[in-house]
Amino acid sequence: GKFVNDLSICRASPIQLISSNIEVAKPGKVPGGKTEIPFEFPLQAKGNKMLYETYHGVFVNIQYTLRCDMRRPLLAKDLSKTCEFMLHCQPQKSKVQPTPVDFTITPETLQNVKERTSLPKFVIRGHLDATNCVITQPLTGELVVESSEVAIKSIELQLVRVETCGCAEGYARDATEIQNIQIAEGDVCHGLPIPIYMVFPRLFTCPTLETTNFKVEFEVNVVIVLHDDHLITENFPLKLCRV
Amino acid sequence: MASVQWHARVRKYGAELQRCRLDAVPVDLGDYHPLKPITVTDSRSRRGGRKGSTSSSSSSSSSVAPDPLSSMLEGTDPLSLFAAASASETPTLSHSSSSVELGRKRRENEEEVGADFEPWSAKRGEILARFTTTEKLSINLFMGSDKNKASSPSSAVSEKVRTRLEELDDLEEGSQRELLNLSQQDYVNRIEELNQSLKEAWSSDQKVKALKIVIQCSKLLSDTSVIQFYPSKFVLITDILDTFGRLVYERIWSMCSDPRPIPDSFSVEDVNDTAKETCLNWFFKIASIRELIPRLYVEAAILKCNRFLNKTGIQETLPRLTAMIRGIGDPLVAVYARAYLCRVGMEVAPHLKDSLNKNFFDLLASFRQIHGDTVQNQLVIQRVEIPVYLTLYSPAIHWILQCVAYRAPDVLLTEMMERCKKLGNNALLLNSVMWAFRPEFVAARATDFIGMIKDCDEAGFPKHLLFGSLGRSLACADPPESERLPILNEAWKVITKVRSPQDYINCAEIWVEFTCRHFTKREVNTVLADIIKHMTPDRAFEDAYPQLQSVMKKILTYFHNFSVLFSMEKFLPFLDMFQKDSVRVEVCKSIMEVFIKHQQEPTRDPVILNALLHVCKTMHDSVNALTVEDEKRSLALLINGFIRMVSFGRDFEQQLSFCVEARATFCNLEPVIIQLIHTVNQLAMETRRVMGGSHSRKTAAFVRACAAYSFITIPSLTSIFSRLHLYLLSGQVALANQCLSQADAFLKAAVSVLPEVPRTISVEGKQRSSEAFLLDFINSFLSTLLVVPDHPEQGVLYLVRGLLNMVQDYTWEDNSDAKVRVYISALPLLAAMSQESYLYTIPKVDSNETLYGGDPKFVAEISRLCETLIGQVLDHLKTLGREEGVRRQGSLAFSLFSTLLAHGDLRNNKLNQLAVNLWNLSHKNGHCDTRTSVRTLEHIKQQAQQPELSHLSDMLLRLSLQSRA
């Protein structure tokens, strides 16, 4: 069997992180019927490289494959089969500091506003219980609409993944929305805390990753849509980890 | 055959009776006797107390006869048996003791929902029937992938108004369906289609499609256009969610069932990894649903599946979902989401009361939303009035409160009530509190509630509904005695001001129960007067028959004394409001049913009689050509019940005139006429009894009047046998009352009717031959003729001859022996008539016995008649000689033989010879019953031992059994 790993960045040539090769069966005849051959090998990175979790992104793709070759006598073709396997990091032993964050959103706290005077008045407070998140635990918090001149249409949580990678031309950055969860619909009751709750989607998230060549990061946007279609967004960077 | 000579045997009835009598044996009281009460000693042990303390009590009871039902179940009925089993702590069999212990503890803690909790299924229909619309509805389904929409949050809420053109474009994609202009029924059908396609998708393993359907359906719940239909929409869509929840649960459950099914009370350890992974996948999928409302509903739908993952799943999820509802801005949508969550919670984990309470408190916290601008604007656009809008909340709030209040301590209820009080515009909540809390709780605070209702805003929730809810509680639980009258006064003060007759009657109907329960006819009369006042203008009663009927039903439940009932001034005017014929008859029937059930003593109270005569006349007058037989029968039964309960005591004339009046009133119902004739006959016999058998001039005239009544009434009956029997019966009564010419007339009438008897009559809807009935009647008639004296102006045995002539001329069925059988039956009568002293006579009536005093001419006349009859019988026997007739011939010959044996004087040789011939004839073809023959021979042997019948022993020698040739 052969063990290969690809890491492709910016459509650049893949970087091999790991490669090992073991023989699972000595030459000889395979008896008729079903034959199972057990095997195992340690996962050891090449040279000074590190192993990362399996990840399929837009720019960044971390993939581990297992190939099994079966050599056969002269006249018969060799057989070969490849399959992907998933790699999860060893949970980090250290305790994660949750680092909660409180926020207040008013017209005054906003950036990127063209005409601040045309904005309706509103006060929205809230907090996230953690910005250092455990990937298997939901993102939680609360949000209170204390006042709002214009009725609220919808409040949503937008989970964004940001991939950055360096290559010959400099570096590329791509932000993708990977999940959008509505937590309020319609003109919600003022003063009543609304729960913030989002489960991290299994296929599209991985622990935050930062290497010399590339980065995979996550952010959450609290998006408030007003009835007059004003869109208010507050951004919170997240750090995901596995414990 | 030469003509026979008839000689009747001389009978000494007294001596014969003496001989036949059994020896009297003194009865020991301790002995068994079939009619003596049986003492049943019945000892059983009862399981009592919910805590399971087993107390055993033996009881013995004596009853007249053992009740077959209870004896089958050994004294305990199956329902209480189940209840006892679930309440008791009897350990179940084999299971390892520890798990049983555990399960039992959990069960006790949970206080599982009992039968006293009205289930959702009971509410469904009511909601669907109540919240309807004539406006057009729409269903908007996006069956495509969710992703392309997720990328543009600003278009999160789909635009409700789409032009037709856009819709067509979208249809091209095939992913979206928008159905516009649906009528309510179309809508219901579409939803049912979706339910079906959900099941189909599931069974064809398209789980993703199934989930999509459910998501799309629950999305419809965020749409509040055509708001008055929302509660019904909720019902329809949550049905689908229930289906989905059940499918998912069963699927995962079945995954754990390999190799053997897991118990219902399984724990997480029993669940295998594949099942867990599948379950987790469902939850991850649902957690990623973009929109709030579908995410909430779908997760709630599969709440029960948390049991597969961990012990605490449900109790962690419920509070989270409860809090999540705060994100729903529309208060109506939110309250129904809460109702659904409470419903699922009660089903899955009824012990988790906190979430139920939290839902209620959150509801209170966001209560002001209902009066907010967003809602108000929406109502203006949809042109819905505030009171109508508020009532849309009732089913959901009722349900939430019902869950909260279920087995909740009074302290909690009081706290809830106090919290409601503090809120402004709380009529809506107040209404649900009264509806959902224990009636006892409400009744004890009824005066408080009235105060609160009074404080409510006039423009908000309709007050009559508030009083309606209070009335409902008070109908089944009693407020303190001193407060009852003030409560009634306060309530009625408001009810009487309700303008819309429909609203008024809905509320008044409820309060009638309270009024009847605690007050006298005076108060009920006042209430009826008020109802009449409100319901009469514009014939408002026409739209309120069900409610008015319910009022009547309640009054009849509480007032069984009909003199009290009818002395209510407004009762009959109230009855007059039922003007639609079918309803009117229904109501009259219900009155009569109660009367028949509860009236113990016969009555002559003119108030009752007038009223009930009126009621019965209404029922009678409803009969027409189209009335079915069953209906007629049941009406007649009720009227007869009334007639039987009328008694004027010794005032017989009054009774007769009542019957005269009743006959005129009920002329279309034959069974009633028959009853009246019986009543009058009974009256005549009662008069006879009172007079000790000797009538005075006055009573004689009276009984003749009775006879006249019957005589002119009977011909109006269409049923021929009723007529025959009544003629006979009335004839007997007339005879008993020494009205000879009347008796004669009755019997003559009966004879003259005979030819009209058809050959077939309808018995219970089937055509049957009338022959058997006719023979029965003739035999009965013959036995009466013994005591009827001959009419002085008519010939000897005028009636007997008349009857026999009719029998001869009657067109009997072909191949029937009936005529000959009548002839044979006439012989015993004639034999009895020729005795010196008759078998029975009627006191004070001279029968032929005295009239002729055994005159030889009379006896000769009888003999001649007998000889003719026997001749006829013998002629007939001859015609039966052929193949097919021999069986009948044998049977008839044996009959005649028996008659000769019993009634003829067999010392006469010819008669003796005839008897022997008949015996032989009956045995000739071997069709006779050997056992009967043997017993007959035995009998003859016994008879022959008497000195005057010793000649029979000679004859016996000539009768042989072996005549089978």
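A: What follows starts with the helix pair and then widens to the chains and their cysteines.

This is a predicted model, in which local features need pLDDT of at least 70, side-chain atom pairs count only at pLDDT 80 or more, and totals for chains, interfaces and linings use all residues. Residues are numbered from 1 along each chain as its sequence is written, chains are lettered from A and ligands numbered from 1 in the order in which they are written, and side-chain values use heavy atoms, with hydrogens and water left out.

Two packed helices are described by the angle between their axes and the distance between the axes. In chain B, helix α23 (residues 463-476) packs against helix α25 (residues 501-518) with the axes 9 Å apart and at an angle of about 25°; the axes are lines fitted to C-alpha atoms over the stretch in contact, and angles run from 0 to 180 degrees between N-to-C directions. Because of that angle, α23(B) counts as roughly parallel to α25(B), a term for angles under 35 degrees, whereas those over 145 are roughly antiparallel, 65 to 115 roughly perpendicular and the rest oblique. The crossing of α23(B) and α25(B) is left-handed, meaning that the near helix is turned anticlockwise from the far one by less than a right angle. On the α23(B) side, the residues in contact (heavy atoms within 4.5 Å) include B:F467, B:L470 and B:L474, and among their partners on α25(B) are B:I510, B:W511 and B:F514.

Chain B as a whole has 46 helices and four strands, while chain A has zero helices and 15 strands; both are DSSP runs, helices (H or I) of at least four residues and strands (E) of at least two. Of the 965 residues in chain B, 49% are buried, that is, under 20% relative accessible area with a 1.4 Å probe, protein chains only, and of the 243 residues of chain A, 40% are buried. In chain B, 73% of the contacts with a separation of 6 or more join residues 24 or more positions apart.

Turning to the cysteines, a search of the whole structure finds zero disulfides over all chains, a disulfide being a pair of cysteine sulfur atoms within 2.5 Å. The sulfur of A:C241 is too far for a bond, because the closest cysteine sulfur, in A:C133, is 7.9 Å away. A:C241 is itself buried, at a relative accessible area of 10%, and B:C420 is also buried, with 2% relative accessibility.

Technical notes
Buried < 20%, exposed > 50% of the residue type's maximum accessible area, 1.4 Å probe, protein only.
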